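Thanks for passing this one along. Here are my notes, meant to be read with the structure open beside you.

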Amino acid sequence: MEKLLYTGKAKQMWQTDDPEVLRVVYMDQATALNGKKKDHFAGKGAAAKGISDLVFNYLIEHGIATHFIKQLSPTEDLVKKCQMFPLEFVTRNVIAGHFASRYGLKEGKVLAEPVEETFYKSDELDDPFINESATIALGIASHADLEKMWSFCREVNALLKPLFEKAGMQLVDFKLEFGRLADGQIVLADEFSPDNCRLWDLKTDQHLDKDVYRRKLADLTKTYDEVLDRLKGALGKE
Ligand code: C5P
């Protein structure tokens, strides 16, 4: 019998009969302000999952170890169960979002080099910033684990920046999460969709990510469908 393990902001995780395999269900829901704002969007789950599957498969083809096993349906995937690190790894190529507001900067300038920030996952605390020494001192991850995860982030950035450019989009910033498999291997987990990255149209700077919901700019599902179509085109999967 399957058991619901967790309902997140946009996904549900189910324990399957295999102890090492989970079923992920992408919901037709978006949240902002750490869950304080929440709305239903028909078709959003399938669009976000479609994008995330294309990205994860592309990363796997290019040697990145991930939790992904296979698609079950347009809104469901099977993934390997991991012990998740309670950390969010944010990489920024362009000034935007909280990086702009925190330092009083205008959005849009390309950074001289990617900025790497780690946040401690906690809804109650609003995901506070955490540095390397605190992460190690609190036993959340070792220096070697952090090196490994940041090297994954750099590889992902190097692979996805040109992929999104080919699809006519600038990869402004993105958030990754990692977990450890039963055998100890660290793998990329969670998802990669416009829920957790910023994508701007290369020509017009139009927002093609969850900022359209956060800032009430456009229809969320239509926006995600457009990203999915463009990505399929760039990958020759139309
Ligand atoms: O809000 P901020 O500018 O810090 O977000 C940086 C990037 O990380 C954005 O692409 C955002 O969607 C993503 N993010 C996320 N989950 C969070 C915080 C940020 O996916 N809890």
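1. Let me start with a pairing. Asp-173 stands opposite Arg-198 in strand E13. E13 covers residues 197–201 and pairs with E11 in the antiparallel sense over five bridges. Two strands count as paired if DSSP finds at least two bridges between them. Helices (H or I, at least four residues) and strands (E, at least two) are DSSP runs, numbered from the N terminus.

2. A word on the source: this is a predicted model, in which local features need pLDDT of at least 70, side-chain atom pairs count only at pLDDT 80 or more, and totals for chains, interfaces and linings use all residues. Residues are numbered from 1 along each chain as its sequence is written.

3. Do look at the setting of E11, residues 169–180. Nine of its twelve residues are buried, so the strand is largely enclosed by the rest of the structure. Buried means that 20 or more other C-beta atoms lie within 10 Å of the residue's own, with C-beta atoms placed from the backbone.

4. E11 also pairs with strand E9 (residues 87–94), antiparallel and over four bridges. Here Thr-91 stands opposite Phe-174 of E11. Strand E8 (residues 83–84) is joined to E11 by two bridges, again antiparallel, and Gln-83 has Arg-180 as its bridge partner.

5. Finally, the hairpin. E11 and strand E12 (residues 186–189) pair in the antiparallel sense over four bridges, with Val-187 in E12 as the bridge partner of Gly-179. Five residues lie between the two strands of this hairpin, and Gly-184 takes a positive phi near 95°.
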